[in-house]
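Please keep the coordinates open beside them.

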Amino acid sequence: MKWRTIIYVILLVSLTVVKALPRSYQEIEGRNSIGQRFSQLQENNFKAIALMMFAQYVQGGTFGKAVQMAEDVTDLARRCAAADRDNPDCLKPLDRIFLDTICQEENLPRFHDCCAKKDPERNDCFLSLKNSSRGFSSPFERLNAEAACRNHSQHQHSLTGYFIYEVSRRHPFLYAPTILSVAIRYDEMMKNCCGSAEDPTHNLEECFQRQAPKVVKPVKEDGLRQEHTCGILKKFGERTLKALKLAQISQKFPKADFVTVTKLVMDIANMHKDCCRGDMLDCMHDREEILHYVCTNQDILSSKIKKCCEKPLLQRSECIVNAENDDKPADLSPHIKEFIEDKGICERFAQEKDAHLARFLYEYSRRHPEFSAQMLLRIGKGYEDLLKECCKTSSPEDCCRRGEEELKKHIYETESVMKTSCDIYKEKGDYYFQNELLMSFTKKMPQLTSAELIKFTKQMTTIGSKCCQLSQDKLLPCAEENLDLVLGEICRRHLANPINPGVCHCCSSSYAFRRPCMGKLEIDENYVPLSLTPGLFTFHEDLCTTEEDKLQHKKQEMLINLIKYKPLITQEQLASVTAAFTAMREQCCNEESREACFAREGPELIKRSEKMLTE
């Protein structure tokens, strides 16, 4: 099997082949036929995608094992496409063939329980084992630049294939187009950096450090978004995902009519169902179908995506997602009174419930690009609850008009929360803003480790730096939609290892209200504070480091332990303890024998702090 040739070809023609699939593909009988897929995609593409799928399912497997399984499946596909179509194995759904291949392998004990199940439970079991936070290091960590360039010059295409395997297993929810796009960027980086290696003024390490983040960034961002979407689908169901996409698409394409937007919502929801089920081939095709539809219907969708549709296929999706919302139609009225004042609303709601609510969400969303999609879902839920209540009364129109006041109140409260957070961020800056978040979230979720709390609050602080500088009409979509990704990550962490009942309630009850729910959480009253053991607070001369990032990290770890030890600590008590610590650090860092000073003064600081915390 010539994997060097295969990876080279896949990088050249991968996604263009998908464009050759018939437009009626979704309706073709036997769309899961492995022989049909092989013929449509051609061997090189089929094989490379098989490699990705096996790397994503068997994350702990070796490159050689993934290659061997991909070869086995490709051999079967080739036979099925040629003359063996009536073979029972050729008639199996493609995902079943892939899982059968894994289950036939020896030395994969982790999958024994899953392999004992029947489909579709088996597939669900395999998907549940996919883990994007298992701690695999980045492909660029501990990278020896000179050795990498030697490998690239001798094994260019097989090295790129190995990179595809590594990215796939580290990011088991990442879609094939993203992996292929990143592989192309990786290949370009290697050529750019290694191509100038003979230049005496060229710094290889610096070149890799400069270009590697551009390769890694879309992997992290796309992987997180895709896992997030699958998490919404799994936890809250297809109806919630469709409502979210309806709000987002209505904002993106406000000139598009309801029928067109609804078609896109259905297609995108179906794509995510295929992608989240692990069917990478269907996932790729669904994605291309949507891009084809969007780009051939720009005139009725948006004037802002012309440049996106001129880009290569691999770059098109990301461009459209990040494109500006189109301008609202000039004749679009600012209000939608027919949903409040029309005398027939209760009858329509009773007859068409979901369709009526969908039209309301569409009309409201296209008028309000300044709101986040999550806030629009809360407004939609509020409208649904309003109709349920008012349609029981003798005067539903008057009742609904009173509901408008509740809507204004919710909008004001949401905007106030974001404004207050940004005011604090602008006043305190990154480090002290993160400390405020650390205090709040350590009280809400003391079961999280220090590393987890620092990571999540760091992500929230980055959102502050990104969104708080934006104009008022862009602040809410930026802040809440990015914050939603972090909260989704916290909820997936809870799903894997439960945090506490409060977090469970927020993560389970409602997707739209998850952010307000988390915001209202207070101290976990069931949490048993840490005991003051000798190892809880330790002070050493590494506190004298001149590297500000390292010092801040150590101080934040101490802050977390302090709150876990004393969850009811007041701001005044914290200020007193902080001042005492700062004085001790300054004293010891100015002495010749720093370690001895910390060994002497540390226990004294703990005693004084204990007294402060009991006053």
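**Notes on the disulfides and a bent helix**

1. The link of Cys 230 and Cys 276 is left-handed, with -90 degrees about the S-S bond. Cys 230 lies in helix H11 and Cys 276 in helix H12, so this pair ties together parts that are 46 residues apart in sequence. The model is a predicted one, and in it the two sulfur atoms are 2.1 Å apart, while both Cys 230 and Cys 276 are buried.

2. Helix H11, residues 204-252, spans only 42 Å between its end C-alpha atoms, whereas a straight helix of 49 residues would span 72 Å. H11 bends by about 125 degrees at Gly 237.

3. Cys 422 and Cys 468 form a disulfide with their sulfur atoms 2.1 Å apart; the torsion about its S-S bond is about -80 degrees, so the disulfide is left-handed. Cys 422 lies in helix H19 and Cys 468 in the loop between helix H20 and helix H21, so the pair ties together parts that are 46 residues apart in sequence.

4. By the distance rule, the count comes to 17 disulfides. Which cysteine sulfur is closest to that of Cys 400? The closest belongs to Cys 390, and at 4.1 Å it is too far for a bond, since a disulfide needs sulfur atoms within 2.5 Å. Cys 400 is buried, with a relative accessible area of 0%.

5. The UniProt record, an unreviewed entry, lists Asp 279 for "binding site". Asp 279 sits in the loop between helix H12 and helix H13, and is buried, with a relative accessible area of 4%.

Definitions and conventions. Residues numbered from 1 in each chain as written. Predicted model: local features only at pLDDT ≥ 70, side-chain atom pairs only at ≥ 80, totals over all residues. Heavy atoms only, no water. UniProt positions renumbered as here; feature names shortened; annotations may be inferred. Helix = DSSP H or I, 4+ residues; strand = E, 2+ residues; numbered from the N terminus. Buried < 20%, exposed > 50% of the residue type's maximum accessible area, 1.4 Å probe, protein only. Expected span 1.5 Å × (residues − 1). Bend = angle between axes of the 7 residues up to and from the residue.
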